[in-house]
Amino acid sequence: MTERFEIPARLRNTSLALIAVGVLVLILGGVTMLGGHDHHDKTRFWLVLLQNSVFFLLLSVASVFIQAAASLAQGGWIVAYKRVPEAIGANVWVFGLIAGAILIFIATGFSVDGHNTIYHWVHPEGDRILEGKKAFLNKEMFIGFTIVTIALWSFFGRKFRALSLAQENAPKNSTKVYWTMFKWSAGFLLVYALTQMSTTPWLWIMSIDAHWYSTMFSWYTFASAFVSGMSVILLFVVFLKNNGNLELVTKEHIHDLGKFMFAFSVFWTYVWFAQYMLIWYSNIPEETTYFKMRQHGPYSLIWYSVFIINFIMPILILMARPSKRNYFTVTFMAMVIIFGHWLDFYIMTMPGPLGKHWHLGWYELGIFMGFAGLLIFVVSNTLTKSSLVPGNHPLLKEAMLHQS
Amino acid sequence: MHLKYESFVREPLVDGDKTYHQVTEDIISPIEKKPGRMWYVGFFFSVALLLLGVFSVTWEVYYGIGVWGINRTVGWGWDITNFVWWVGIGHAGTLISAILLLFRQGWRTGVNRAAEAMTIFAVMCAGQFPIFHMGRVWDGFFVLPYPNSRGPLWPNFNSALLWDVFAISTYFTVSLLFWYSGLIPDFATVRDRAKTKLRKRLYGLASFGWTGTAKNWQRHEALSLVLAGLSTPLVLSVHTIVSFDFATSVIPGWHTTIFPPYFVAGAIFSGFAMVQTLLIVCRKILGLEDYITIGHLEAMNKVIVLTGSIVGVAYLTELFMSWYSGVLYEQEAFKWRILGPYWWSYWAMMTCNVVSPQLFWFKKLRRNVPFTFIMSIVVNIGMWFERFVIIVTSLYRDYLPGSWTYYSPTWPEIGFYLGTFGLFFTCFFLFAKYFPVIAVAEIKFVLKTSGENYKKKMETIDAKSAEEFKHELDHAHH
């Protein structure tokens, strides 16, 4: 069973237009912000790039994670549209390269009048707390972790797709590749545990507020990235379905993705709230300062919006069964969730370096559009390169029968 | 009609050549027979332990909480350690009945009944500890917000300890309802087969007059769905709130944001280990190897290695952050935890919970019954030490070196703990004798998709190409 996908002209043009907006905004931003004299503008230029590149990287790695999780749990439900997370995962390297370059530049080359306004820990001298963290927060460690992490993620993203393609050419009903994939998935889980679930968010994001710390932070970042990643998968599936592809996908499969969006929105809220509540409750100034700035300070509007968009909306709208089976509702909610978690990443990154000088304007949205365009462009390109049905997959027939 | 098909890549959930009747026969007949000698030995041993517990608790209530080893510095010792340990064990039942139901995991049908029973008994054991830790236990009702009879004195609604009262009692109620509602059709089956008047009468009462009509089933399904919906957040909420008992404080070693999900993962970890311990024995004694297959044990071992590793990541995160925080007290707390006089408890925890479960990465070991049995006990030893480490080693080095202490339990504390084992196993033995330990109706539900004999007949479907299969499916719909 094969099914080919050809990129419709409209999709290609949209993605190219979005990329063009991104590039244009980047150039404009470079000229006006880096060329200007405002310190905050220089910080803003790089910080927005950091926020977006990391957000899109973590969100695409979520696709690799869901493949590994489904393979280990022997989930049949995902097989009908497995090629979508595979295509996203196979392009992790694109976002990895971009994010890696930006992160390493910020840690090594970025400075405003001799100060690194984003990663203060680059110059810990004179700051006793940062000096104490020097064994972990230093350039070499940062570069090493960044390169190794991104290389591993990119490798697994491509490996999983390659294995899935190998299954197509394997003898009928052969399970050799299936079990090989099972083993690689276990390996990926280990890698993911030591990167996304622990060290990576500490280094890339939490160290922006270098004095502050929270043990929950990486799991909370994971929840944010994962629910956005599932929403991106849903958007591709719905698009393909509307385009007349993915014949095997029915409302049952859409319902499943809706459940994931719902469940992990609630999970995000759980970890988000637990982190917030425990810090609020203990009321230790070194810790509450982080939320003081966000909840009561100049970011309070965004802070409350994040909560409403990422929790109140999904729980009210996605709770009912019919809404998870309605193409319009799930598509709308996927966009809402992606935007909401992009805002969540915004509020993780901006307040430390920018304080009250924050912007949510043409530059922030333009860069977001650029990355979104790039995602659409590369993923749809990869989708054309193989059949949309993972032929010969041992669970394919179950996926056809699937009832949510 | 939905086509009964399951991929050849999955192993059968019910082994052997089974019909609906055979399933009933296999699971219900042990209830109708006299139990073997081992059952009596086990049962009376459990009752003896339970009596030891009653004696220890009576001693404590009579002479006061001073007979325990806890002191001003270590105010929580074995009591709260045991409380958290038992509550944690309870989690597997709820996870299996609610979350695995949502994830459509067919293998839950073989183990859910016993796991849910275990949950209820474990929560019963857990509840004893905070109650008797109160000392003046006759004032225990003060934990409930009971209006106007005590003047202005109300429970502190800002206290995580009060949240616990609600969390645990809700959890117990919903788990009990879930378990019992599932039992109703099975009780009716026992009733319908009963050869003695008394049995017919008692199981008839227990089955609430179930007749198995379509309407009965329809209401039953609706109720199950509602209860599953209620239980899902409970899987997370109970141990989250237990973790709040510690994490809302400002005590180094307790105040850490990762506690809620990490406690939940640990609870599932220990709960599955306890399910393994019990079911490996049950399947052997009751001859249920066809229903609780090696595949079931392997699936649970996978959950154990996953949750064990999650817990491992959390331990290391905590340890790393204590250093990274730059807070002297956090750093010291962990130094004393790992290298202080209680070092053995920390290393016991690390070895049993993080290191040894990693052996389950090997398929051979996941499918090895004796090894699984030993590991299931090792895990629960480790999880007991986890709670001991969190509680005692965070407290024993106080801010003031003058208050430093070393805590050891006294005999009433140990007797109390052993007593809860007595309670747990007394209940479990009674359950295994009088209740169907496997959900008969639910096994029948998966039999035609996942039974070994039925799966053999699916070979013709497996031989079809995907196109053919799709074509036939579309055809069947018209």
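Thr277(B) counts as buried because its relative accessibility is 15%, where buried means under 20% relative accessible area with a 1.4 Å probe and protein chains only. This is a predicted model in which local features need pLDDT of at least 70 and side-chain atom pairs count only at pLDDT 80 or more, while totals for chains, interfaces and linings use all residues. Residues are numbered from 1 along each chain as its sequence is written, chains are lettered from A in the order in which they are written, and side-chain values use heavy atoms, without hydrogens and water.

**Surroundings of Thr277(B)**
- Helix α8 of chain B (residues 259–285) contains Thr277(B); helices are DSSP runs of H or I with at least four residues.
- A polar atom of the Thr277(B) side chain lies 2.9 Å from the backbone oxygen of Ala273(B).
- Leaving aside residues up to four places away in sequence, Thr277(B) touches Phe373(B), Ser376(B) and Ile377(B), contact being heavy atoms within 4.5 Å.

**Cysteines**
- Zero disulfides (cysteine sulfur pairs within 2.5 Å) are found over all chains.
- The sulfur of Cys282(B) is too far for a bond, because the closest cysteine sulfur, in Cys427(B), is 14 Å away.
- Cys282(B) counts as buried because its relative accessibility is 10%, and Cys352(B) counts as buried at 13%.

**Nonpolar surface**
- Leu190(A), Leu194(A), Leu359(B), Trp361(B) and Phe362(B) make a nonpolar surface patch of about 480 Å².
- Such a patch joins nonpolar side chains within 5 Å, from residues with over 30% relative accessible area and no salt bridge (Lys or Arg side-chain nitrogen within 4 Å of an Asp or Glu carboxyl oxygen); areas come from the Shrake-Rupley method with a 1.4 Å probe.
- Leu194(A) belongs to helix α7 (residues 176–204) of chain A.

Key: Helix = DSSP H or I, 4+ residues; strand = E, 2+ residues; numbered from the N terminus. Buried < 20%, exposed > 50% of the residue type's maximum accessible area, 1.4 Å probe, protein only. Polar contact = N/O pair within 3.5 Å; in protein donor to acceptor, adjacent residues only side chain to side chain. Patch = residues over 30% accessible without salt bridge, like charges linked within 9 Å, V, L, I, M, F, W, Y side chains within 5 Å.
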